[in-house]
Amino acid sequence: MNIRLTKKDIIWSYIGTILSMGANLLMLPFLIYFLSNDSLGLWYIFASIGGIATLFDFGFGVTFARNITYAWAGARELKKEGVEFSKKEEPDYRLMKKVLTTCKVIYGIIAGSALILLLTLGTGYVLYVSRDLAGYIPVVAWIIYAIAVFLNLYYGYYASFLRGVGNVAQANKNTVWARLVQIILMVLLLIMGCGLIGACVAYLAYGTLFRLLGKYYFYKYKEIGQKLYKIEERPSRIEIKEMFHIVWHNAWRDGAISVCNYCCNQVSTLICSGYLSLAETGVYSIGVQIASAIATIAGTLYNTYQPELQAAYVISDKDKMRKTMSMIVVSFVYLFVLGTVAFCIVGVPLLKLIKPSAVVSIPVLLGLCLYQFILKYRNCYTSYFSCTNRIMYVGGFTVSALLCVVLSFLAIGSMRMGMWGLIIAQILSQAVYNMWKWPILAHKELNLSFGDMMQLGTRETGRLIKSLMPKKSGGIDFNDK
């Protein structure tokens with residue numbers, strides 16, 4: 001079935017992304033105000049360890065979602081690389097059922113393994129870094145957080161599947177409702193004095209609600225659940241094994257990319273916590289969170305248009321691919337610059353107004369923003385290759401990740417350069433190869449110069465903005481197709 005995004009999909013994508021990342025910024029003042037500096041640093045350490053657990057996904061979520069899109073777009077056979085091109089747009093529900101069944105088996109194993117490690121090695125690390133804090137609160141909060149991570153892994157693929165079949169609007173509505181629940185619950189629990197435990201309970205509520213909504217609406221969308229149910233023949237063990245081998249070919253590459261991205265992002269917080277105090281780790285983590293939020297919001301179209309880009313690839317619509325890629329890259333550049341300037345002018349003074357003792361260094365923030373820009377700009381182009389079922393960039397990412405970790409340890413450990421050492425190490429690790437390699441290669445394949453992309457992307461972005469403008473007869477219709 002052909003995937004064409006509507007005004008509703010675009011609008012809800014921005015609402016969902018802004019609220020998802022904005023939720024972290026909205027909660028930040030409350031976390032800063034109600035938590036001690038040590039508890040705040042511990043909260044971000046939880047997030048970093050939880051990020052390690054999500055690596056157990058090891059690329060299966062992305063790969064399964066991509067294959068669901070191929071089956072939904074009309075492919076009759078899945079391949080290890082590339083795809084069977086087709087002009088037919090009727091979904092292959094038997095193929096979808098085979099993918100889904102294989103996915104359930106794999107994720108049951110993944111989530112269970114992650115929970116065991118979180119409750120053993122993870123708990124040991126939390127006890128170590130919180131050794132100077134009295135009481136049982138750190139351990140209780142961590143157990144709640146670990147359960148939340150387990151549930152996120154176990155049901156997480158439904159959100160990706162919902163996007164994979166093109167129901168982007170509903171996927172983002174789910175994000176909005178779940179984030180609103182998290183924000184309201186967290187604020188109430190913090191005001192009631194629940195502290196770090198309250199923040200973890202709110203995170204548990206968010207993840208559980210988001211995943212359950214994803215499952216419900218995936219099966220409801222265009223009667224997918226009913227049509228899958230009508231296929232009485234269950235995939236055999238041999239078919240599941242064959243599907244696993246097909247998916248694993250790129251899943252391990254996607255997984256390696258996830259590990260590399262973790263090393264280039266979250267691992268800096270853990271390195272920071274090993275050499276600096278919890279309070280200093282909190283300061284650095286706040287900067288990382290703000291820069292990541294700006295980059296994620298700016299890259300909304302990069303995430304939103306992936307299903308449509310994949311569907312265009314299946315039917316060999318190269319003109320559509322060029323237009324989509326141009327709009328993705330150009331809109332990201334414009335929005336990132338505007339977001340960075342706006343936060344420095346408005347956001348930083350607001351944080352200091354809420355808590356004058358909160359240290360938010362604009363130079364450090366700008367350094368982190370530069371690094372996040374490089375990462376997400378690179379990802380705009382590598383998404384093109386992943387949408388064509390080619391994960392050719394795993395080697396370059398691996399080298400950069402290792403270089404990032406080594407340089408970070410040298411900068412903050414041996415050279416005692418503090419936070420700036422981490423920032424410089426991260427920028428250098430990407431600048432040596434990934435920052436320029438994949439954009440050049442993608443432009444060559446698309447037969448599109450950088451100048452042509454800027455012109456085409458600016459024009460396509462302008463058309464998109466014009467289509468999203470309120471109608472003369474009234475406000476924006478959120479159900480407009």
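Helices here are DSSP runs of H or I with at least four residues, numbered from the N terminus. The model is predicted: local features need pLDDT of at least 70, side-chain atom pairs count only at pLDDT 80 or more, and totals for chains, interfaces and linings use all residues. Residues are numbered from 1 along each chain as its sequence is written, and side-chain values use heavy atoms, with hydrogens and water left out.

Helices α17 (394-414) and α18 (418-431) each supply at least two residues of a nonpolar patch. The patch consists of V406, L410, M415, M417, W420, I424 and L428, with about 620 Å² of accessible area together, by the Shrake-Rupley method with a 1.4 Å probe and only the protein chains shown as cover. Helix α18 gives the most, with three residues. L428 lies in α18 and, at 45% relative accessibility, counts as partly exposed, a class between buried (under 20% relative accessible area) and exposed (over 50%).

Helix α14 (residues 306-314) has nine of its nine residues buried, so it is largely enclosed by the rest of the structure. Among them are Q306, E308 and Y313. S316, which follows α14, has a positive phi, near 60°.

Technical notes
Patches are made of residues with over 30% relative accessible area and no salt bridge: like charges are joined within 9 Å, nonpolar side chains (Val, Leu, Ile, Met, Phe, Trp, Tyr) within 5 Å. A salt bridge is a side-chain nitrogen of Lys or Arg within 4 Å of a carboxyl oxygen of Asp or Glu. Buried means under 20% relative accessible area, exposed over 50%, partly exposed in between (1.4 Å probe, protein chains only).
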